[in-house]
Amino acid sequence: MGRYLVRRLLLLMPVALGITIVTFFLLRLIPGDPAVIMLDNRATAENVARLRHSLGLDRPLFVQYLLFLKNIATGRLGESLIYRTQVLPIILGRLPVTLFLAVYSTVLAALVAVPLGAWAALRKGRASDQAIRLGVLFSLATPNYWAAIVLLLVFSIELRWFPVGGYGTTFGDHLRHLFLPALTIALSLTPILVRTLRHNILEVLRTDYVRTAHAKGLEAARVFTRHVLRNSLISTVSVLGVHLGFLVGGAVITETVYAIPGTGFLLIKSTFARDYPMVQGLTLMFASLVILVNLLTDMTYAVLDPRVRYD
Amino acid sequence: MIDEIRAAPALRPGRRGFGIRLHGSATAWIAVAMLGITVFAAASAPVLIHYDPTKTDLANSLQPPSAAHWLGTDNFGRDIFTRLVYGARVDLQIGTIPTAATFLVGLVIGSVAGYYGGVVDGTLMRIVDVSMAFPFYVLVIAIVAMLGPGLTNMYAAMILAGWVSYARVIRGEVLAARTHEYVLGARALGASDFRVIRRHLLPNVVTVGIIFAMSDAVLNILLGGALSFLGLGVQPPTPEWGLMISEGRDFLLTSPAMVLFPGLALLWVGVTFNLLGDRLTDRLRPGG
């Protein structure tokens, strides 16, 4: 296991480096002189020169990149042009909200997707399978910001079952405030999970060990829960990193619609406020989060399935 | 010698027409009909409709549906139905232009990497690894944040962030196809690399790209709508469905049609492309 971990960490290095290169060059996409654009109407020659110096824009590109790396290593991702402080503490302060939302939506999606995926696989080709697949088709094509608005109208404004926005203070508050946002993301995550799970269950049903389990006289329900579902779920969970990217994308939209003080809403606000260092810091943070979750899922996978370690 | 290869279709097995070979399936025809209706409406909008999609008429704002305004009017007095139909033009463009561009870039880079292997391929695969770490929406939004909002910059961001997926898919296909006998045969006969890629590899791998592009088109329409909804893509007063939903948000209780119908339109186009993609997959990749 130790050797597997070391190998995975070594493989991670070039990706981590690549992420820093991409985020470094993001700022270079700004048309014109970033310092002038960032300062806007405060762009006197003196201010521009000072900002250029503090951003390191007066150095050679390679040196700028090395400085950028050094700053990342010390947690200095840059100073927000709006908040006038380092961006990392602000991002970390809002990250729990987004993570809460991501976990909440995954749980909601799983609660719906596991029974549906299993049902569709077991009834393959029959009417209920067709109906579930039709549902998948429709929810895949539904714009989530539209779903968010419709849910908000029906459940918050008309029925007044849920608060209109915000995050609340207690755990119970969070559950109530984030229910509709989580449901919105779950609506678009569920079809993906149903599809994957249906496919995986059909694959597992064809394996020898399932036939053996049946042959040795195990009752059908037990074969399904112990052997089929468990193995199908493991391979569904193994793409959690891919889903995380998707969840974050969903969070950006839903946090904005529901005005939830998370990192997604921060990204949109910073985009409009031209807070480039904040956008850069958020991008770096999201990418790091994805590779971290990928690493964790790989490790979990290796614990659950020893074959992985010897590949 | 080269002409002999051209004349010998047997040397290019597996090449199939990817045109309309959909007959026999009801859902396929439904999808084609849905696409036909959308394209027809988008193409003939100026002929069919005499309202201007962007001209404001404040005296007639927020009218309920009537014979004159089938879906009513929005807060600026513009006919919602007219804007919906004109919106099809913009949203179909969002579905096709960045999709086609990323497809093309990915096709060229992916086939070169897959064919030559070595450093080119290694570099591409590292780029793929890195780009997979960025949540797609975040990367696109971050690029738009740097370039500035607007349709052109949105396209640029979608292409910059999207080509890698195509390159990865095409590269995998080329890698598998290049060891086939017809490719080895063409090379043995002295065909140039360019010719082998263009005449023999691309026709065989392009199918997979098209299947991928179908689902990507849906994602691009949804993404384009989302960015416009957030104010980062298409700018007012252009009629675009995501933007229309955003504009209708404040009038949800008085004029729900402003939000409802653009959403249904997006759903309609999304279902159309998904159905087409599914059918094409069944048709072109049996069992795949």
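So, what share of the 311 residues in chain A is made up of buried residues? It's 36%, where a residue counts as buried if 20 or more other C-beta atoms lie within 10 Å of its own, exposed if 12 or fewer, and partly exposed in between, with C-beta atoms placed from the backbone.

Before I go on, a word on what we're looking at. This is a predicted model, where local features need pLDDT of at least 70 and side-chain atom pairs count only at pLDDT 80 or more, while totals for chains, interfaces and linings use all residues. Residues are numbered from 1 along each chain as its sequence is written, and chains are lettered from A and ligands numbered from 1 in the order in which they are written.

Okay, chain A. Its secondary structure is 14 helices and 0 strands; helices here are DSSP runs of H or I with at least four residues, strands are E runs of at least two, and both are numbered from the N terminus. The C-alpha trace of chain A spans about 85 × 55 × 35 Å along its principal axes. Take the contacts in chain A between residues at least 6 apart in sequence: 70% of them join residues at least 24 apart. By contact I mean that the C-beta atoms of two residues, placed from the backbone, lie within 7 Å.

Why does A43(A) count as partly exposed? Because A43(A) has 15 C-beta neighbours inside 10 Å. Leaving aside neighbours within four places in sequence, A43(A) touches V36(A) and V48(A). As for F162(A), that one is 119 residues from A43(A) in sequence and 46 Å away in space, C-alpha to C-alpha.

Now the contact between the chains. Chain A puts in 36 residues and chain B puts in 34 residues. On the side of chain A that touches chain B, helices 1, 6, 7, 12, 13 and 14 of chain A each supply at least two residues. Helix 14 of chain A gives the most, with 7 residues. That side of chain A divides into 29 nonpolar, 7 polar and no charged residues. For the bookkeeping, Ala, Val, Leu, Ile, Met, Phe, Trp, Tyr, Cys and Pro are nonpolar, Asp, Glu, Lys and Arg are charged, and the others, Gly among them, are polar. The predictor gives the complex an ipTM of 0.90 and a pTM of 0.88.

On to chain B. Its average pLDDT, the predictor's confidence in each residue from 0 to 100, is 87, and 90% of the residues score at least 70. Confidence in chain B is lowest in helix 1 (residues 2-7), at a mean of 40, and highest in helix 9 (residues 241-248), at 95. Over residues 1-24 of chain B the pLDDT is below 50, and this stretch has 27 contacts in the model beyond near neighbours in sequence.

Helix 2 (residues 26-48) of chain B has a kink of about 40° at A42(B), shortly before the proline P46(B); the bend is the angle between axes fitted to the seven residues ending there and the seven starting there. The buried residues of this helix 2 are A28(B), A31(B) and T38(B), and they pack against helix 3 (80-116) and helix 10 (257-284) of chain B.

Last one: helix 5 of chain B is mostly covered, with 10 of its 12 residues buried. After helix 5 of chain B comes G148(B), with a positive phi near 105°.
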